[in-house]
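Here is a quick tour of one structure, with an eye on its aromatic rings and its core. Have a look at it first, then read on.

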Amino acid sequence: MMENLEDHYAGDAAWNAFAPLFRGQLADYASAEQLKQLLGGDEELADVVYGSVGDSALQWVIQPIPALSGLSPVQCLASDKTRNRLREMLLRMPR
């Protein structure tokens, strides 16, 4: 487990190049609105999450994730530091 994943955050420019690749992923997801709500209304993040983990997204965002130092993705939205932790993890996830 990488304790300080956010210390290795590739940066907003990398995220801003990456996230649009997932734009529109929620279009056919029946729970899209619920996922966006759990993620604070962040449709971009919801697109990336759904594009990364698929139909298990609703459950995934509320579960503790070892790569996030045991936080859930929803908990990572509490600060810029942990949001960057989540973003870096999503950037690194194999697809």
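## Ground rules

A residue counts as buried here when its relative accessible area is under 20%, and as exposed when that area is over 50%. Keep in mind that this is a predicted model.

## Two tyrosines across the chain

By that cut-off, Y29 and Y50 are both buried. Their rings make a stacked aromatic pair, with centres 4.3 Å apart and 25 degrees between the planes. Y29 sits in the loop between α1 and α2 (32-38), while Y50 belongs to helix α3 (residues 43-53), so this pair ties together parts that are 21 residues apart in sequence.

How many aromatic pairs does a search of the whole structure find? It turns up 3. In one of them, the rings of W15 and F18 have centres 5.7 Å apart and planes at 50 degrees, so the pair is tilted; stacked would need planes under 30 degrees apart, and edge-to-face over 60. Ring pairs also bring in F22, linking W15, F18 and F22 into a cluster.

W15 and F18 both lie in helix α1 (residues 12-18), and because they are 3 residues apart there, about one helical turn separates them. In general, an α-helix has 3.6 residues a turn, so residues three or four places apart point the same way. Buried or exposed, then, for W15? W15 is buried, at 0% relative accessibility. F18 is buried as well, with a relative accessible area of 13%.

## The core and W60

The largest nonpolar core has 28 residues, and L35, V49, W60, L86 and L90 are the ones that touch the most other members. Each of α1, α2, α3, α4 and α5 puts in at least two residues, with α3 giving the largest share at 6 residues.

What does W60 touch, once its neighbours within four places in sequence are set aside? The contacts are V49, V53, I65, P73, L86, M89, L90 and M93.

## Helix α5

Helix α5 (residues 80-92) has 13 residues, and at 1.5 Å a residue they should span 18 Å; the end C-alpha atoms are 18 Å apart, so the two values agree.

Which residues of α5 are buried? They are T82, R85, L86, R87, E88, M89 and L90. The cover over the buried residues of α5 includes α1, α3 and α4 (57-60).

Terms used. Residues are numbered from 1 along each chain as its sequence is written. This is a predicted model: local features need pLDDT of at least 70, side-chain atom pairs count only at pLDDT 80 or more; totals for chains, interfaces and linings use all residues. Side-chain values use heavy atoms; hydrogens and water are left out. Rings of Phe, Tyr and Trp (its six-membered ring) pair if their centres lie within 6.5 Å; planes under 30 degrees apart count as stacked, over 60 as edge-to-face and the rest as tilted. Helices (H or I, at least four residues) and strands (E, at least two) are DSSP runs, numbered from the N terminus. Buried means under 20% relative accessible area, exposed over 50%, partly exposed in between (1.4 Å probe, protein chains only). The expected span of a helix is 1.5 Å times one less than its number of residues. Contact means heavy atoms within 4.5 Å. A nonpolar core is a set of buried Ala, Val, Leu, Ile, Met, Phe, Trp, Tyr and Cys residues joined through side-chain atoms within 4.5 Å.
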